[in-house]
Amino acid sequence: MFDRLPARVTIYEVGPRDGLQNEARHLPTEDKIAFIDALSASGLPAIEITSFVHPKWIPQLADAGEVAARIQRRPGVVYSALVPNAAGLERALGAGMREVAVFLSASETHNKKNINKTIAETLLAFEDVIGPAQAAGVRVRAYVSTVYGCPFEGDVAIDSVVRLTRELLARGVYQISLGDTIGVANPLQVRRVLTEVLKVAPADTLAMHFHDTRGTALANLTVGLDLGLTVIDSAVGGLGGCPYAPGAAGNVSTEDVVNMLHGMGIETGIDMARLAAAARLVAGHVGHELPSKMLKAYLGDQIRAERKATREREATSTNTNTNTSTNTNTNTNTNTSTSPSTSPSTSTSPSPSPSPSPSPERKERAS
Ligand SMILES: [Zn+2]
């Protein structure tokens, strides 16, 4: 194992959509825009910003058009949005989207409950999106949910995942994101599924999408990397997880993935300091601590480095008897839901952290 690891991986950030659609607290549009702009500044190559589903289904994302129109688009960053049908595509195109994504499930029951269609009907309905999108020069990605297990049916046949993959590629999607929606996959299973899927789809047409419900997401990702996959979906902070479904957890955290990849010598182009700043920004808005392990460790390191720098400054000031440095930040709270004050600038930061969001901070916070 690990003899075929890629030199570079593309992180597809899904926090603003997959993450926020599952958060109990609805973010004001301004805060979403500031969050996405902070993500854009981190070097992320692809960000799924919202969903053009009917607001009746996901009221959290009812402001899709405004968000899409008002974010600052950085050259080289792919911005994408979910579209369920022709009406959604029309809104997405109107808002200037250059990439959209369709979605379905590998299990009939989940698909029926989520989309109210059979899988065959869903594939047929994709024709209303894929053709017109391509005609407008817009790329189409596809999400396949419940690849590794269904909350209603349990096991999902590998055959149905393979069949769907082949079908979606034939219909013109450029990339298929294989989702472990309920976070049940294990590394051996991932190897079994991806080995079969790779018989009908080149590795560069596939993305991995793991939720970290049971803590296996990073292990699962390494298996896919070793099989040649180079695109990973993740959400900053590990955002997501349905607040109404006990035990549900969010996407694997972007910081955890990026930290692991960088440690393995795999490039992502992402600046951890700026990524952490974006995570702190959104943590302050969703009103709870984010599950990302790397974020906690990173903020802890920052605080320790800041304390050390303060002690050294104080020692220097005392020695020279010119005590001008009075910055004695004693914030020891490593809770990531603390408000994103200016990131402490420390020697551990590879580059300057971005300045805090210009939008007003929400003061109310859940405990
Ligand atoms: Zn997901």
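**Exercise 1.** In this predicted model, work out how helix H8 (residues 158-170) and helix H9 (residues 187-197) pack.

*Solution.* Start with the axes: those of H8 and H9 come within 9 Å and cross at roughly 40°. Next, the handedness: the crossing of H8 past H9 is right-handed. Now the residues. From H8, Ile-158, Val-161, Val-162 and Thr-165 meet Arg-192, Val-193, Glu-196 and Val-197 of H9. Sort that contact by class and you get five nonpolar, one polar and two charged residues.

**Exercise 2.** Find how helix H11 (residues 254-263) and helix H12 (residues 272-286) are oriented.

*Solution.* First, the angle: H11 and H12 pack at about 170°, and their axes are 10 Å apart. Angles over 145 degrees count as roughly antiparallel, so that is the label for H11 and H12. The crossing of H11 past H12 is left-handed. On the H11 side sit Thr-254, Glu-255, Val-258 and Asn-259, which meet Met-272, Leu-275, Ala-276 and Ala-279 in H12. That contact holds five nonpolar, two polar and one charged residues.

**Exercise 3.** Is Pro-16 buried or exposed?

*Solution.* Locate Pro-16 first: helix H1 (residues 15-19) contains this residue. Then count: Pro-16 has 28 C-beta neighbours inside 10 Å. The cut-off for buried is 20 or more, so Pro-16 is buried. Leaving out residues up to four places away in sequence, Pro-16 touches Lys-32, Phe-35, Ile-36, Ile-47, Glu-48, Ile-49 and Thr-50. Finally, look across the chain: Leu-239 is 223 residues from Pro-16 in sequence, yet their C-alpha atoms are 8.5 Å apart.

Note on methods: Residues numbered from 1 in each chain as written. Predicted model: local features only at pLDDT ≥ 70, side-chain atom pairs only at ≥ 80, totals over all residues. Axes fitted to C-alpha atoms, helices over the stretch in contact; angles between N-to-C directions. Helix = DSSP H or I, 4+ residues; strand = E, 2+ residues; numbered from the N terminus. Parallel < 35°, antiparallel > 145°, perpendicular 65-115°, else oblique. Left-handed = near helix turned anticlockwise from the far one by under 90°. Contact = placed C-beta atoms within 7 Å. Nonpolar A, V, L, I, M, F, W, Y, C, P; charged D, E, K, R; others polar. Buried ≥ 20, exposed ≤ 12 C-beta atoms within 10 Å, placed from the backbone.
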